[in-house]
Amino acid sequence: MTLTTDPVVCRRKEEVRRYLGERRRQGQRIGVVPTMGALHEGHVALARALRQHCDFLAMWIFVNPTQFNDPVDYERYPRTLQRDCKVAGEAGVELIFAPEVEEIYPAGLDAYRPGLSVRVRAGDRSLRYEGEHRPGHFDGVIHVCTVMFNILQPDVVAFGEKDFQQVSVIRQLLVDLSLPIELITVPIVRGEGGLALSSRNKLLHDEGPATAIWHSLQHACARAEGGETSVQTLATEVSQRLLAAGLRPEYVAIVDPDTLQPLERLAGEARLLVAAFADNNVRLIDNIAIRGRVIEA
Ligand code: AMP
């Protein structure tokens, strides 16, 4: 265990188990913020929110190879552990678990292929949208979350609405495997131009065009409030706005916020989900709550 001023950084699972085990024996309620590091105000918001729900606040920082379907994306994902420790400490995080890949995949990554090692797979909420365009992504997410939950044994965890489908997939994991973990969710934190904060924003040469994502989401909300109920019309308008700003939309979907099933017509609560490529081939996702006007009979 390396003692920095604040927080404590554990690289090995035995260390972190010992440390958190001691806290648990003292009757403390453990909160954990899962992250891949390169921390920004979105992660800080998760830590601040979770602090209200626990006695001891921990964070994991792990760029999980098995959730990357694109090796280039994995290689160039920003890694800034030293700076992250400072940011996390200022947000009230008392312990960071930052393992090496071998610590989490002891049999080696090759053994992770289907049929070799024991694996946890994502449920049906993972099949569309992100899951369709990033094959294997949610299986990797669910697997690493299960392993980390086993190591850290949190009482409560925080996830961001920025990854709206991920929240739904994790919720299903907790229910289907009867994991005794409370989940809290935190709204999306945005930058000045409305761009949702993301570690990948660091890879953009210019954030300007990417703010079209936020503007197109707001446009769709306004059109829905104005009475437009056709999902196809709304999705087309969002795509057109993204293309006009030089972005390459991958999907635009309007879905039931609970089941994530695609909708055809808006009536009541829905969620608009978007993925688009911006400059430097950086893939960004965003979403917004959208409400169809409910026509009284
Ligand atoms: P990541 O490090 O990108 O895997 O994200 C770790 C957690 O932070 C996930 O639960 C994300 O949904 C959340 N998160 C990332 N960006 C934001 C944001 N802009 N606002 C709120 N939560 C976020």
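Helix 9 and helix 10 run roughly antiparallel to each other, a label given to angles over 145 degrees, because the axes of helix 9 (residues 212-225) and helix 10 (residues 231-244) cross at roughly 155° and come within 9 Å. In this predicted model, local features need pLDDT of at least 70 and side-chain atom pairs count only at pLDDT 80 or more, whereas totals for chains, interfaces and linings use all residues. Residues are numbered from 1 along each chain as its sequence is written, and side-chain values use heavy atoms, with hydrogens and water left out. Helices are DSSP runs (H or I, at least four residues) numbered from the N terminus, and axes are lines fitted to C-alpha atoms over the stretch in contact, with angles from 0 to 180 degrees between N-to-C directions.

In contact (heavy atoms within 4.5 Å), Phe138, Val141, Ile142, Cys145, Thr146 and Phe149 of helix 7 meet Gln165, Gln166, Val169, Ile170, Leu173 and Leu174 of helix 8.

The ligand is surrounded by 17 residues (a heavy atom within 4 Å), and the closest are His43, Gly160, Asp163, Val189 and Leu197. An oxygen atom of the ligand lies 2.6 Å from an N or O atom in the side chain of Asp163, while a nitrogen atom of the ligand is 2.8 Å from a polar backbone atom of Val189.

Technical notes:
Helices (H or I, at least four residues) and strands (E, at least two) are DSSP runs, numbered from the N terminus. Angles under 35 degrees count as roughly parallel, over 145 as roughly antiparallel, 65 to 115 as roughly perpendicular and the rest as oblique. A polar contact is a pair of N or O atoms within 3.5 Å; within protein, one must be able to donate a hydrogen and the other to accept it, and residues adjacent in sequence count only if both atoms are side-chain atoms.
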